[in-house]
Amino acid sequence: MSANRYDIIVIGSGPGGFASAVRAAQLGAKIVLIEKSFIGGTCLNCGCIPTKFLWQALKLKQKIQRSYEYGFKVNSEPITFADIIDKKDKNISNVRKGMELILSSYSIEVIKGCASFKDKNALTILNNEQSLEIVADKIIIASGTKSSSIKDFEFDGNKIISSTEALTLIQIPKTMLVIGGGAIGVEMATIFSGFGCSVTLAECEDQLLPNEDAEVSQEVEKNLSRQGVEVITSCMDALNSADKYEKILIVTGRSPVNDLGLDKIGVKTTARGFVETNEFCQTNIENIYAVGDIAGKSLFAYTAQNEGSIAAKNAVKGNSSRVTNNIIPQVVFSIPQSASVKVSGFLNYKNIVLGKFPFTASGRAFIECERTGFVKCAIDKETQKPLAFWLVGEHSDELINTASQILASDINHISRESFFHPSLSESLLNAYEDALGKCTEMPKRKI
Ligand SMILES: Cc1cc2nc3c(=O)[nH]c(=O)nc-3n(C[C@H](O)[C@H](O)[C@H](O)COP(=O)(O)OP(=O)(O)OC[C@H]3O[C@@H](n4cnc5c(N)ncnc54)[C@H](O)[C@@H]3O)c2cc1C
């Protein structure tokens, strides 16, 4: 085998490419991973990790300010936002080192440069002026997505910015217009307004988080408004007032990164440029797979990781594992967080009963001094099987994983003794029992 020949080439080191490379190496393949920017992709460098770090910093600030609720008297120094950004960057750099360690522990070669197809087995890697050709039996594309701008409002990196630039600002702007009330828009509005920016959040649909349950969306909107964010829904002309704002943050969607020369080798893409794949993560070209955002099925780090592991196994062992994406929890880091999860085909269930448990009735929520929000549960009336959970409240991002496992285990009953007391996860049980009309933790229902 020549030095530039591999079993599998993986393009992109985000969650999809990283999982593909490591899993394929675990299965004994000789792997090379190509990355044109920083190891870790969108998730680590300008997505999941930096947003949640800033969110966590804001939570800590609010906890310190509210510590009087426990009887503390704390005089906190004014915050220097640049210090928080500096700490974020240091932490990200440490995570990146950890990822590099994992790659080298599996003897995965990493080549820095921009990959493009020469033919269906060969890639050219360009790094500055240098060019390298590499060849493999199989190729996994995990090139991800980038922020989409709006017609006539191109990003200029200064006033009109994407989430990537927003996460590197070292000073909180005085005013910001956030266009797009999806998960990223809500998170950005939460973070920037929490650190003192006057934020307007504009969404063209008639509710924030347009794909979310209306009651969850209303609660999130209420909490954002309480925090001082001006929320405008059904808003088609937000940009007319663009001059009023110091920064305009556009978070209306993501578009595929596919400057890989896919048309040269005939890889089919959708009208929007996402790579078409089957349930094995395979493209129409037999030896080429695509995973994560670039495949456009669901734009999350954890689904990208799942697809990466599946594609790696199929590429090494032959197509045997399928992506089902049956149960995918979703979380938004508002304050407090919101989250939801449903069984697949939820809308086909016609005989549904809802139960609800407010955190004001939870002992643990009292202990935490965090009593905003609720858990809502849908069950099938006939079988009593839990079908969906929606949450708004502290630690919803963790609680939703328990809810997911309940739904994934396909059970018809949740039992009291399997939930520790006092815990917030008891609220899942209480909402479920409320749907059954037998929650003992709330007053009798008025009929
Ligand atoms: C602000 C924000 C917050 C988010 N928060 C969350 C969250 O909380 N939870 C969650 O699950 N998801 C979140 N996401 C989405 C998540 O980041 C993505 O779904 C995930 O990163 C997709 O992984 P990926 O491997 O498909 O692509 P990416 O992570 O985008 O990685 C693709 C990599 O490929 C490289 N690349 C592209 N083209 C080439 C080429 N030609 N040659 C070499 N390298 C190339 C890129 O440089 C990049 O490093 C968030 C996204 C954003 C923008």
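Isoleucine 179 is in contact with Ala202, Ala238, Ile248, Leu249, Ile250, Val251 and Thr252, residues up to four places away in sequence being left out of the count. In this predicted model, Ile179 is also one of the residues that touch the most other members of the largest nonpolar core, which has 66 residues, the others being Val178, Met188, Ala189 and Leu249. Helix 6 (residues 183-194) supplies the largest share of this core, 7 residues. Apart from this core lies another, of 51 residues, which includes Ile31, Ile108, Ala142 and Ala311.

The ligand is surrounded by 36 residues, of which Gly12, Gly14, Gly41, Gly144 and Gly292 are the closest. At least two residues of this shell are supplied by each of helix 1 (15-26), strand 2 (31-35), helix 2 (41-46), helix 3 (48-65), strand 4 (114-119) and helix 9 (301-317). Divided by class, the shell around the ligand contains 17 nonpolar, 15 polar and 4 charged residues.

Helix 11 (residues 396-408) comprises 13 residues and spans 18 Å from its first C-alpha to its last, close to the 18 Å expected at 1.5 Å a residue. Its buried residues are Ser396, Leu399, Ile400, Ala403, Ile406 and Leu407. These residues lie on the same side of helix 11, because they cover an arc of only 110° around the axis. Among the elements that cover them are strand 15 (330-332), strand 16 (338-342), strand 19 (386-392) and helix 12 (426-435).

Most residues other than glycine have a negative phi, and most peptide bonds are trans. Histidine 395 is buried, because 20 other C-beta atoms lie within 10 Å, whereas serine 107 counts as exposed, with 9 C-beta neighbours inside 10 Å.

Proline 336 is placed in the loop between strand 15 and strand 16, while proline 422 is placed in the loop between helix 11 and helix 12.

Methods:
Residues are numbered from 1 along each chain as its sequence is written. This is a predicted model: local features need pLDDT of at least 70, side-chain atom pairs count only at pLDDT 80 or more; totals for chains, interfaces and linings use all residues. Helices (H or I, at least four residues) and strands (E, at least two) are DSSP runs, numbered from the N terminus. The expected span of a helix is 1.5 Å times one less than its number of residues. A residue is buried if 20 or more other C-beta atoms lie within 10 Å of its own, exposed if 12 or fewer, and partly exposed in between; C-beta atoms are placed from the backbone. The arc is that of the directions from the helix axis to the C-beta atoms. Two residues are in contact if their C-beta atoms, placed from the backbone, lie within 7 Å. A nonpolar core is a set of buried Ala, Val, Leu, Ile, Met, Phe, Trp, Tyr and Cys residues joined through C-beta atoms within 7 Å. A residue is near a molecule or strand if its C-beta atom, placed from the backbone, lies within 6 Å of it. Ala, Val, Leu, Ile, Met, Phe, Trp, Tyr, Cys and Pro count as nonpolar, Asp, Glu, Lys and Arg as charged, and the others, Gly among them, as polar.
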